[in-house]
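Reader: Please take one part of this model and go through it closely, with the cut-offs behind each term. I would like to follow the aromatic side chains.

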Amino acid sequence: MQRLFETIERREFAIFESPTGTGKSLSIICGALTWLKHDSERKARTAPTAASSTAVTDDDQRPDWVVAYEKKQQLDAGNAAGSDENDAQQKYLRWVANTRRREAAERKKGLMASRRGVPTTSKAESNKRKTDEGGNGSDDEVVVVEAYYSGDEDAQQKPSNGLDDDGHVHYSAEVRKLLERRAGNRPLYDSSDDSDNDDSSDSAVPPKEPSITKVIYASRTHSQLQQFVNEIKRTQFASADKVKCVTLGSRMQLCVNERARQGAQSVHAINERCLEMQTAGSKKSARCGYLPLQHTPMLDFKDATGSAIMDIEELAKEGRRRCTCPYYGARASVNGTHVVALPYNTLLSRSARQAMGISLAGNVVVIDEAHNLVDTILAIHSISLDLRTVKALQEMVQMYFTKYWRRLKGSNVTYIRQTTALLKALSKFMQTIADGTTRVVSVNEFLTMAHADHIN
């Protein structure tokens, strides 16, 4: 614990080893969370007196006015940094209070209207929604795909910065029309949504909650994460110090919507269904009931995870009880949490970290069972491709080309034909490989053996 504390304090890298059953997890918790507590107290003590680090010594030959000026600069810089943090926190808290008050009034108004039998949606709005819901089926019949260019060809065909003269992205008129038509059907909780940086405190989109210094704990399996979280519950950090901890998982572990999970054999299938069921313009009967239209239920879920430490199963149970999605609820709790427990894949994938709102900068990262790390990295950056998949891809691309070739521009036709040729070469090469044969080759050697080296 002492060595761990010193390592974190010095911002260094260290490897610790201990046999199974010797209290490794508890030692990590005590060492890391003790440092976290000390760091928080240190920031609270030094924030108002940022200039105290510039002390005048007996051998200081600088004039008094120089020392005073440097002190003032450091004090202003420290106060400015602390002021920015406080302003961001206060802005977020004001938004939370305003949102709760506004949505409570909306619920009360809607309840009173329903008791009087007054419809809450106008007939014009209802007809518009029906038109929007039913008017998208023929989009692919009218939209012509914009020509695609690769590499140097791109610079010769359109502006070098990728924009039109009016500063917009270089899309065809038909594609722009389609994007405008579908702008209202964007998923409410899309992972690529970067609108959390909205500066308006009264906006329907929340300002970003300020992130505190945290311990990011990664392990190989969810059972190991659960064990780690249960160990935290046994310490004074959970009871006396009120440490906030959240466990992140995939939709496979945290999705509580049985319609989304039904028949889904992989996390990718659940991801697709989730995004489909949260589209704003979809029919009410098909929309996920665990994604509330108001922010208050999700804020209540965050408060629940902050007041009690929960593992994956407890998060899912809490989501069912509150009828709120625990997957997005856990993601929303990251910034204000002291300890984030997550699997290897989420930590090692930059896109996954960005989707979860996790930043490694300035935080403590602890990797449990680190001897499995290399295998995990290799698995993340590798892919297995079999003959059946290649044949299926070849058939799908050919079906697409057969249906849409009259609408495609010349460059698109060229690239699709190159893709088809590559798939044919791969399929022919893989059929010649005997079962049980293992061989390691370079990329260039592989393409030469498959007679596909002429394709860029």
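Author: Tyrosine 400 is partly exposed, with a relative accessible area of 35%, whereas tyrosine 404, at 17%, counts as buried; here buried means under 20% relative accessible area, exposed over 50% and partly exposed in between, with a 1.4 Å probe and protein chains only. The model is a predicted one, in which local features need pLDDT of at least 70 and side-chain atom pairs count only at pLDDT 80 or more, while totals for chains, interfaces and linings use all residues. Residues are numbered from 1 along each chain as its sequence is written, and side-chain values use heavy atoms, with hydrogens and water left out. Tyrosine 400 and tyrosine 404 both belong to helix H19 (residues 387–404), where being four residues apart separates them by about one helical turn; helices (H or I, at least four residues) and strands (E, at least two) are DSSP runs, numbered from the N terminus.

The structure holds five aromatic pairs. One of them joins tyrosine 217 and phenylalanine 228, which is stacked because the ring centres are 3.5 Å apart and the planes lie at 5 degrees. Since tyrosine 217 sits in strand S1 (residues 215–219) and phenylalanine 228 in helix H8 (residues 222–233), this pair ties together parts eleven residues apart in sequence. Tyrosine 217 is buried at 1% relative accessible area, and phenylalanine 228 is buried at 3%. The rings of tyrosine 400 and tyrosine 404 have their centres 5.0 Å apart and their planes at 45 degrees, so that pair is tilted. Rings of Phe, Tyr and Trp (its six-membered ring) pair if their centres lie within 6.5 Å, and planes under 30 degrees apart count as stacked, over 60 as edge-to-face and the rest as tilted.
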